[in-house]
Amino acid sequence: MQTQLCSLALAFCLFVSMGVSAARTPFELAGTVTTEGTQNSFLADVPGTDVQIPITVFHGTQEGPVLTLSAGTHGDEFPAITAVQRLREDIDPQALKGTLILVHGANIPALHQRGLSPLHPEDGKNLNREFPGSLEGTATERLAHFLTEEIVGRTDYLADLHSGSANQWLWPHIYAPFVGDPELDARTLAWAKTAGMRHVVLYGDRPRDPTNSISYPNTAMTRGKPGLTLEIGDRGLNDEDDVRAYLDALHRLILALDMLPGQLPPSEGHVVYERLIEVETPEMGLFERRCEIGELVEQGALLGLVRDYFGDTIAELRAPTRGVVLMLRHAPPVNQGATLVTLGVE
Ligand SMILES: [Zn+2]
């Protein structure tokens, strides 16, 4: 009797363990299939163009969310591209829950312009303003369409990884958008706060219509999926400190979704900004900054001057309200109406 019970128990255990280890459905992305416990790096064709997007997929051995970490939306922002390359070396798909998609360069045509422009060279458009895109549209619109369908469409969580452009100083910050869906908005903000980044910007000025979603993360949000923007690094540089800060933030975002073993380090001391104020120049000329990146400025403080070509001051830029300088123009030449300083307001 005891022997019979033992063999019954053994059979039950075997049955259960077989159930747990049942094969996961292979993950297909842009025609490339990745089986459980493996990884795949490939070039995905963007329909209607001759552009190929470099992607790595890790398909874990256990069920879990699909997370996309996407670098290179703009052509002159590099630290995230290097961080994502290093992350590719770190991830063991055998230890992964769910599926991790790494987009190594979302806008390859914009990248190959000597690091001088964030924009697509063919149509001069900003990819992060052309979502959800169109298969019949311009080069940038077709790229946006591909990212909407193949990346956002296949993912549960998106992080779009930016830096300051070549002509921009930038204080590291993370955007948590909100779209008026309390559950989604709260989940997105909570996830943003896990990244270990002190400065968190709430962002709600994008349309809530999925057919006019404008930006990459808002395309995720308007489809019910958390979509963050990270901003680390600036001036078109690829500094080691910024790459390491990026890698740390990406590890934390993965750990926060319980996709890898390990303890999520605490993130404390957040400063949450409810809005951004853009300070524009009323005149064309040469900009001279009078504030520092990351500085807390009081209402009325002098932020910078615009001089004419002879050196005479033609405009004074002052802080319309108290705030922290999150972005600041680096290169002196400025056109009328250009944003020279962006303040985060608590
Ligand atoms: Zn950018």
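**Where the domains meet**

Guide: Of the 346 residues in the protein, 44% are buried, a residue being called buried if 20 or more other C-beta atoms, placed from the backbone, lie within 10 Å of its own. This is a predicted model, in which local features need pLDDT of at least 70 and side-chain atom pairs count only at pLDDT 80 or more, while totals for chains, interfaces and linings use all residues. Residues are numbered from 1 along each chain as its sequence is written.

The C-alpha trace spans about 100 × 45 × 40 Å along its principal axes, and the secondary structure comprises seven helices and 20 strands, these being DSSP runs numbered from the N terminus (helices H or I, at least four residues; strands E, at least two).

The domain assignment, which is automatic or taken from a database, gives domain 1 (23–271) and domain 2 (275–345), and their centres, taken over C-alpha atoms, are 30 Å apart. Where they meet, ten residues of domain 1 are in contact with eleven residues of domain 2, contact meaning that the C-beta atoms, placed from the backbone, lie within 7 Å. On the side of domain 1 that touches domain 2, β8 (168–170) and β10 (199–203) each supply at least two residues, and β8 gives the most, with three residues. By residue class, that side of domain 1 holds four nonpolar, five polar and one charged, where Ala, Val, Leu, Ile, Met, Phe, Trp, Tyr, Cys and Pro count as nonpolar, Asp, Glu, Lys and Arg as charged, and the others, Gly among them, as polar.

Technical notes:
Contact = placed C-beta atoms within 7 Å. Buried ≥ 20, exposed ≤ 12 C-beta atoms within 10 Å, placed from the backbone.
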